[in-house]
Amino acid sequence: MTTTTKYIFVTGGVTSSLGKGIIAASLAKLLQAQGYRTTIQKLDPYINVDPGTLNPYEHGECYVTDDGAETDLDLGHYERFLNVPTSQSNNVTTGRIYQSVIEKERRGEFLGKTVQVIPHITDEIKHRVQILGKSGDYDIVITEIGGTVGDIESLPYVEAVRQLKWELGENNAIVIHLTLIPYLSAAGELKTKPTQHSVKTLMESGVMADILVCRTEHELPEDLRDKLAKFCNVRPEAVIQSIDASTIYDVPNLMLDEGLDKVVLKKLALDSSQPDLTQWNQFLSRHKNPSGEVTIGLIGKYVELQDSYKSILEAFIHAGAENEVKVKVESIHSEYLTARNASKKLKHLHGVLVAPGFGERGIEGKIEAVKYVRGHNIPFLGICLGMQMAVIEYSRNVLGLKEANSTEMDEQTSHPVIDLMESQKTITDKGGTMRLGAWDCELVDDSIAKDVYQTTTIKERHRHRYEFNNDYKQQIEDAGMKATGLNPETGLVEIVEIPEHNWFVGVQYHPEYKSTVSNPHPLFVSFVKAALNFKTDSNSVSMAQN
Ligand code: GLN
């Protein structure tokens, strides 16, 4: 549509956690809905090469792309909003920038030169920002700069933005600054001073904000918008209010009402039109007007932090809207789930999802949860570690292999029904070495999987080291648990089901990463439907008993 790619930089001021990712994704949605091919990129100022080695308590969920990049969870929002896959190029960290500069230095590419933050690190940042733009696939690239302006680690990024803005020229690159307008309840006033200071800090680095997006709990009155415009060198229409929303999926419409897309397109000298949000709004209306409710238990060990299971929670929102029900997710800590309290904690649920995870903590609770739902015909979805726990539970309690375990938890187990992949046995580095990204899986006839996906071969994303041990496959299948999805090249088991059960599916991959607003994941849609049926059936049973 355009000849040159246009760049939008989103910076943040005053504090972290203002929701830059949602603002970036919402803006991208509005631009996409006007026909602009748009993508988003996140630059993270920490020194880890990727978030793959970070504890979920530190950084929330690690999101995995088709090409196997372990990335920031904001990329999940980008995919869910835009329905366009992202890749390694969409997430770059300081660690990765330094790693490539140092590798170049070792190869002798800077012959004789002293390697420095400016220009070498900033050049590498500029190069990474433009990779997507130069691919020719996009009219607009939105680059979200992680962290807060003024932080030491953000400085090279802000400097790279300054240079790029200058080099790309007017109308080709703009800066949106996201800031906070705090409300002092004692004084009953909204305060602009932190924003003024933050814009000033940005200006000290030579970067002028073109647009201010102001996070606020209360409506911004006109005079306050004028004041911000005056003090911060932006036009009044470029002061955009971002008021707290009840759901992140409202933000594109809120930004539309504020005219963010119009101001952006005008500054980029691009035409604006009325975005076509028909499908989006249909989803929103289903999401907000459910005709029923189901309660699904999410059994995990990082449940204190909602961000740890971000994609799963969002996938339930998409699948709920598709089924026109509200999915109430009840988080249950696997560490405190035991044989004695399983019934108390699980008996009211209409479905149970056992979450992905690593390490030993909480796994016995997960196994108890599987045992309970298997015995009570409650719909079950096990994801990654959750699927592995289902296999262990079945081996222990149906096959009678009391010692069955994963070698991740017990290296010496006499029945390693879940074991390290052969290719993993020689790997010692932890970062970026798991089985990652999209792999083919072939579905077996007469299975829930085949019925759900309505196709023979699927591609789903992975993030794990351990696998179903095929030495036990025959035995497990003979006992009644079937392998209904297999990797066509390696024969690795991707899906297990118990046909006798109501709806019992364990998947070695992560379906949640691929669920989007316009493409709710079919497995989640079917799981929620099964939960709804289960609820209806159990209600009629209890009515019959009364
Ligand atoms: N810890 C398990 C493995 O590495 C499961 C991983 C996961 O749930 N993502 O195989």
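Modeller: Let us begin with accessibility: a residue is buried under 20% relative accessible area, exposed over 50%, and partly exposed in between, with a 1.4 Å probe and protein chains only. This is a predicted model, in which local features need pLDDT of at least 70 and side-chain atom pairs count only at pLDDT 80 or more, while totals for chains, interfaces and linings use all residues. Residues are numbered from 1 along each chain as its sequence is written, and side-chain values use heavy atoms, with hydrogens and water left out.

Colleague: How does Arg106 count, buried or exposed?

Modeller: Arg106 counts as exposed because its relative accessibility is 68%. Its salt-bridge partner is Glu105, which is partly exposed at 30%.

Colleague: What is a salt bridge, and how many does the structure hold?

Modeller: The term denotes a side-chain nitrogen of Lys or Arg within 4 Å of a carboxyl oxygen of Asp or Glu. The structure holds 32 of them. In the pair Glu105 and Arg106, the closest N and O atoms are 2.7 Å apart. A further pair is Asp307 with Lys310, at 3.7 Å; here Lys310 is buried at 16%, whereas Asp307 is partly exposed at 32%. Salt bridges also link Lys42, Asp44, Asp72, Asp74 and Glu144 in a network.

Colleague: In what order do the 9 strands of the open sheet run?

Modeller: Two strands pair if DSSP finds at least two bridges between them. The order is 13-12-14-15-23-22-21-18-19, with mixed pairing. Strand 13 (326–333) and strand 19 (457–464) each have a single partner strand, so one side of each is left without a neighbour in the sheet.

Colleague: How many bridges join strand 18 to strand 21?

Modeller: Strand 18 (residues 435–443) and strand 21 (residues 482–486) run antiparallel and are joined by 2 bridges. Leu443 has Gly485 in strand 21 as its bridge partner.

Note on methods
Helix = DSSP H or I, 4+ residues; strand = E, 2+ residues; numbered from the N terminus.
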